[in-house]
Every structure is written in structure tokens, then in C-alpha cells.
Amino acid sequence: MAEPLIRMQNIRKSYGRVQALEDASFHVNEREIVGLLGDNGAGKSTLIKVLSGAVPLTSGDIFIRGKKVNLRSTSDAIAHGIETIYQDSALVTQLSIARNLFLGREPIKPPRFLNRMDQEAMNNVARDLLKQVGISKNIPPTTPIGSLSGGERQAVAIARAMHFDSDLIILDEPTNNLGVAETQGVLSFVRNARDSGHSCIFIAHNIHHVFQVVDRIVVMRRGKVVADDIDPKKTSVAEVERIITGMSDKEIRDAIADGKPSH
Amino acid sequence: MTKTDTAPPLAGSANRQPGRGIRLPDETGAVVALAALVGILGWLRPSFLDPANLWALLGQAALPGLLAIGMVFVLAMREIDLSAGAVFHLAAVATALLIEAGFDPWLSALAGIVLGASLGLVNGVLATTLRLPALVVTSGTWWMIQGLSLVVGKGQTITPPGADGSLFTTLSAKAFAVVPAAGIVFIALALAMHIVLHRTRFGYRVQAVGSNPRAAAYAGIPTARVRLLTLVLMGAMAGLAGVIHGGADGAIAPGDGSAFGLLAITAALIGGTSLSGGHGSVIGAAIGILIVQVILSAMTLFGVDSAWSTFATGALTVLALALDRLVRLWRNRRVDGGQDHPFD
């Protein structure tokens with residue numbers, strides 16, 4: 001089998017005595033959308049933070065296209081083509097669309113020492129990108145993010161990841177708080193991203209959204225990857241839910257009867 | 001699932017109205033207020049409009065104004081620097097003592113500015129390594145710096161020998177015979193720093209860090225370095241103001257500039273910079289400090305006991321805070337459907 005785009009091997013992460021990740025191994029192939037599922041506290045977000053350079057790992061290895069990498073900061077990860085879109089923290093609401101697209105990578109006009117931004121170039125790229133992702137309603141690129149709808153914001157964040165030719169786009173709860181039509185819009189951006197050659201990791205609480213878009217489902221429980229090759233076309237939502245909770249139907253019924261919610 | 005070439009138009013994008021029409025610049029309110037104030041005062045007391053009086057006003061506004069320029073950057077980063085007034089004073093005292101010790105006035109002035117920047121660096125290093133808000137760090141360093149001023153200046157008024165001091169003749173001379181030199185420095189820097197805040201990558205990153213620090217960090221912006229540089233800038237501006245104070249006014253009294261830090265914050269708020277970060281206006285702050293100065297001078301003009309000026313400055317600060325908050329709550333109601341800023 002070809003070497004996957006991303007391979008994380010035996011990743012451990014502990015916060016003091018708390019083991020957030022215990023020997024988690026995980027991979028993403030080229031042009032693949034992987035759904036990462038797990039209950040709260042299963043270790044999904046820690047795994048993602050390790051991969052995006054936001055938190056250092058305690059032990060384990062990360063390979064990109066077979067080459068071992070050391071991700072010490074978010075800029076390291078970005079330089080390696082890993083772009084993460086965090087829920088709530090992807091965009092700066094008070095700045096314009098154009099400025100958000102270039103957040104952290106602002107183009108500079110010559111002469112360089114004056115440190116002036118090339119606003120014209122930023123606006124032009126932004127205008128094109130907005131059209132590409134389907135926001136065609138004549139929104140000027142100077143509009144602040146704060147006056148966009150939730151779906152439009154996700155679109156801008158995804159457009160940013162696509163523009164900078166990242167190999168892997170990590171989406172943390174991209175469909176949270178979105179309406180039905182907006183969710184469909186975001187899901188189709190994700191498909192577009194894959195079709196144009198990007199891989200994605202898709203994290204969502206709503207299993208139905210995950211089922212609609214991903215090629216493969218990975219489930220985590222208590223800091224471990226417990227299933228990493230679930231085909232959404234051959235598996236039912238109920239089966240995946242069982243794997244997430246790690247309980248049989250009877251155990252779930254008993255838990256509910258005890259007054260303890262199952263998730 | 002059918003594949004689509006372009007994404008479907010997004011629902012929920014139609015019902016949006018704010019921010020799309022013609023937007024008045026944020027400084028509009030401050031400009032109107034300043035014009036109205038000057039107009040009313042000129043009408044009541046025509047002598048107020050005397051050019052000499054207006055230029056003197058500009059000269060008085062220049063020193064706290066320089067601090068306000070730096071403070072806009074700090075506020076835009078959603079931080080507050082309380083130590084600015086103390087830095088101002090220590091820089092003034094240090095410069096004066098160096099000149100007294102026989103150093104070249106220009107070199108001493110440079111030393112004063114560098115001292116201000118280094119104090120800003122200390123604030124910045126403490127704030128970034130301890131991961132504390134600058135407000136907390138500077139409330140401590142403020143006392144320390146003030147204490148140093150007292151130790152170094154022995155709590156006395158310092159009058160640097162201005163006999164041949166080229167700096168002092170330059171600074172106390174009024175360029176073109178009317179405009180105070182401090183005023184020229186202030187106006188030039190206000191315009192330049194306005195461009196820095198709105199047109200350069202540094203200025204933009206300051207706003208990004210202030211608006212959403214986590215998003216900025218995740219996008220690869222070195223947030224610690226931005227915070228550090230901004231506090232160094234604040235220190236350098238306070239140092240520069242201190243140096244000019246020593247040069248222009250000739251004497252440095254122990255209490256000088258103690259209110260400048262708060263004045264700078266008030267001026268920035270009046271000028272449309274918000275306490276919640278993410279954005280600021282240097283020109284607005286410059287107009288803001290002029291408004292404060294006009295009000296203070298009006299009080300003198302109408303014979304109000306000068307003891308009230310401290311109270312008035314405080315009242316202005318509270319008023320500016322209240323307005324900032326009310327405008328913000330009102331805007332949030334329109335834009336986000338009642339949600340407050342997630343990181344407020």
C-alpha cells in the first residue's frame with residue numbers, strides 16, 4: 001500500500017497525570033476525507049491539536065508522506081501543509097474577509113522594509129476565492145467577517161485553506177450551529193476540497209453529517225483509536241454509535257435506566 | 001450525493017443589513033464633538049479662538065497625546081498599559097540628570113527614549129512569559145517605575161541646565177514662531193502611526209491578536225512577539241514624551257505625568273478605539289486628547305477651581321467607557337443577534 005499522506009504512530013499525550021492520548025495511531029491517505037468520531041473527552045481534539053502543532057506530544061512519531069516531522073508550533077504545521085479550521089477560532093471577526101484570508105501570511109508591497117501590506121492583491125484574491133466557494137452575492141472583500149453568516153464564515157475559512165495549497169485541512173465541528181441548507185453548503189465545500197486534491201479530517205458531533213461526506217470513519221475512545229477503517233457505505237449509524245460509546249444495546253438501555261446519559 | 005462544481009448559495013446570507021451601506025469613519029463622533037466644543041467656546045469667549053491660545057492648547061495636548069498614540073496600539077491588542085505615565089516621568093528625569101551630568105543633550109534624549117522602550121520590553125517580557133494580561137503586570141511595574149523616579153530624582157523638581165543645550169533651544173523654540181515643536185512632533189507621529197496601524201503587517205497583526213488571540217495564534221502569527229513589540233512601542237512613545245517634556249518645559253516636577261496613562265486611555269476611547277480590542281484609531285485618539293485638553297482649558301477659562309480638573313478628567317474617562325460599552329452592546333445586538341463577543 002502506498003505511504004499515507006499523514007501517519008501518526010503511537011502518539012501519547014499526558015497533561016500531568018491525565019493521559020489524553022494513549023498509543024493512538026492514525027493515518028490519512030491522499031485525497032481522502034476521514035471522519036474522526038468519539039465521545040467528549042475521547043481524545044479527538046487532543047489528537048488534532050498535536051497534529052496541528054498547537055500542543056506538543058509526549059511521545060510518538062508523525063510522518064508526512066513517509067518523512068518524520070517535528071511539529072513544534074502551528075506555523076510548523078502550516079509550513080508542512082496542515083491547515084486547521086477551529087470552531088470559533090478560525091477567523092478574526094473584526095477584520096475584513098480579505099485580511100482573514102491572509103491572516104498570518106500577509107503579502108508585503110515593495111520596498112519590504114516599510115512593511116506595508118499589499119491590500120489590492122489581497123482584495124483581488126479574496127474576490128476570486130469568494131466566487132469559487134459559491135459566495136457570489138456581491139460581498140465586497142472588505143466586509144468584516146462579523147457580518148457574515150455562520151456558513152459563509154466556514155466558507156471563508158475553507159477557502160483560505162484551499163488557497164494556500166495545504167495538503168490536509170482539519171475541520172473542527174464545521175457544521176455546528178448551522179442551518180440545514182448551510183450545512184449542505186459546507187459539506188459540499190469539503191467534497192470540493194477533496195476533489196481538488198486536498199485531504200480532510202472532519203470532526204463533528206452530528207454523526208449524520210459525518211456519514212454524508214467522509215470516505216472513512218475513525219473512532220476514538222479514552223485516548224485510543226478503537227476503529228480506524230469503518231466504511232460509511234457499509235456501516236449503519238447505530239453501529240458506529242455503539243463503537244463510540246463502547247457499549248452493547250443492553251448496556252446502553254441499562255445506563256439510561258440508571259439515569260446516566262449515554263453520551 | 002451529486003457532485004457540484006460550485007457550492008450552492010448559502011442560506012441565511014440574505015438577512016444581513018449592517019456594515020454594507022456607507023459607513024462613517026469611526027472618528028466622526030470625535031471630530032464633531034471637538035468642532036462643537038471649539039465652536040461653543042469661541043462663541044461664549046471669543047478670546048478662546050485666539051491662535052496663540054489654540055497653539056498653546058496643542059502644545060499641552062502633545063505630551064499625553066504621544067502616550068495616547070502608543071495606547072491605541074495597546075488597546076487594539078486588547079491590553080492596557082498602566083505604567084505609561086510612570087515611564088514618561090522616569091524618562092524625563094533620566095534625560096535631565098544625564099544632561100546635568102554633562103552628556104550631549106541629543107544623546108541624553110536618545111537615552112531617554114531607549115529607556116522608555118526598555119521599560120516597555122520589561123513589561124512585555126513579563127506579560128508574555130508569565131502569560132498575564134499587561135494590565136496586571138503594569139499595575140506592578142507602574143509602582144516600581146514611579147519609585148525609581150523618586151529615588152533617582154530624590155523627589156525634587158529637576159531643572160536641567162538649559163544654557164547652551166541645543167535640544168532645549170530647539171524644543172522650547174516654536175517652529176515658525178507659532179506652532180510649538182512638541183505639537184509638530186505629535187501631529188507628525190499621529191499621522192505616521194495611523195498608517196502603521198492600518199496599512200502595515202505589524203499594525204494588522206496587532207488588531208488580529210486583539211480581536212481573536214487564538215485565531216491569530218492558530219494562523220501562525222507570533223502573538224508573543226506582537227505583544228512584546230506593542231508594549232515596547234508604548235514604552236518608546238512614553239519615553240519620547242518624557243524627553244520632550246524635559247526639553248520643552250524646562251523643569252520636571254515629581255508629580256508630572258502621573259495622570260497621563262489614564263488620559264491616554266481616555267483619549268483613545270473618545271477617539272473610537274474600543275476596550276474590547278481588535279481595532280483602533282490613532283487619529284481618533286489624537287482628536288480625543290484635544291477634546292480632553294479643550295474641556296480642561298474651558299474650565300480654567302470659566303474660572304472653575306483647578307482642583308476640579310482631576311475630577312473632570314475622571315468623569316470623562318467614565319463617560320468614554322460607558323459610551324464605548326453602550327455602542328458595543330448596541331452593535332452586537334444588530335450584528336450577532338444579541339450574542340456578546342465570545343472572548344469578552
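**Figure 1. Contacts of B:Met71 in the predicted model****.** Once neighbours within four places in sequence are set aside, B:Met71 is in contact with B:Asp81, B:Ala84, B:Met234, B:Ala264, B:Ile265, B:Ala268 and B:Ala285. B:Met71 also belongs to the largest nonpolar core, a set of 167 residues, where it is listed among those with the most contacts inside the core, together with A:Ile201, A:Phe202, B:Leu67, B:Ala68 and B:Val72.

Figure 2. Because 28 other C-beta atoms lie within 10 Å, and 20 or more are needed for the term, B:Leu63 counts as buried. Not counting residues up to four places away in sequence, B:Leu63 touches B:Ala182, B:Ala241, B:Ile244, B:His245 and B:Phe260. B:Leu63 and B:Leu240 are separated by 177 residues in sequence, while their C-alpha atoms are 8.8 Å apart in space. For chain B as a whole, 78% of the contacts between residues at least 6 apart in sequence join residues at least 24 apart.

**Figure 3. Packing of helix 7 and helix 12 of chain B****.** Helix 7 (residues 181-199) of chain B packs against helix 12 (residues 282-301) of chain B at an angle of about 145 degrees, and the two axes are 8 Å apart. On the side of helix 7 of chain B the contact is made by B:Ala190, B:Met193, B:His194 and B:Leu197, and on the side of helix 12 of chain B by B:Val282, B:Ile283 and B:Ala286. Sorted by class, this contact has 6 nonpolar residues, 1 polar residue and no charged residues.

**Figure 4. Helix 12 of chain B and the residue B:Gly303****.** At 1.5 Å a residue, the 20 residues of helix 12 of chain B should span 28 Å, and this agrees with its end C-alpha atoms, which are 28 Å apart. Just after helix 12 of chain B, B:Gly303 takes a positive phi of about 75 degrees.

**Figure 5. Hairpin of strand 9 and strand 10 of chain A****.** Strand 9 (residues 216-221) of chain A pairs with strand 10 (residues 224-230) of chain A in the antiparallel sense, over 4 bridges. Within this pairing, A:Val219 stands opposite A:Ala227 of strand 10 of chain A. The hairpin has 2 residues between the strands, and A:Arg222 takes a positive phi near 45 degrees in it.

Conventions:
Residues are numbered from 1 along each chain as its sequence is written. Chains are lettered from A and ligands numbered from 1 in the order in which they are written. This is a predicted model: local features need pLDDT of at least 70, side-chain atom pairs count only at pLDDT 80 or more; totals for chains, interfaces and linings use all residues. A nonpolar core is a set of buried Ala, Val, Leu, Ile, Met, Phe, Trp, Tyr and Cys residues joined through C-beta atoms within 7 Å. A residue is buried if 20 or more other C-beta atoms lie within 10 Å of its own, exposed if 12 or fewer, and partly exposed in between; C-beta atoms are placed from the backbone. Two residues are in contact if their C-beta atoms, placed from the backbone, lie within 7 Å. Two strands pair if DSSP finds at least two bridges between them. Axes are lines fitted to C-alpha atoms, for helices over the stretch in contact, and angles run from 0 to 180 degrees between N-to-C directions. Ala, Val, Leu, Ile, Met, Phe, Trp, Tyr, Cys and Pro count as nonpolar, Asp, Glu, Lys and Arg as charged, and the others, Gly among them, as polar. The expected span of a helix is 1.5 Å times one less than its number of residues.
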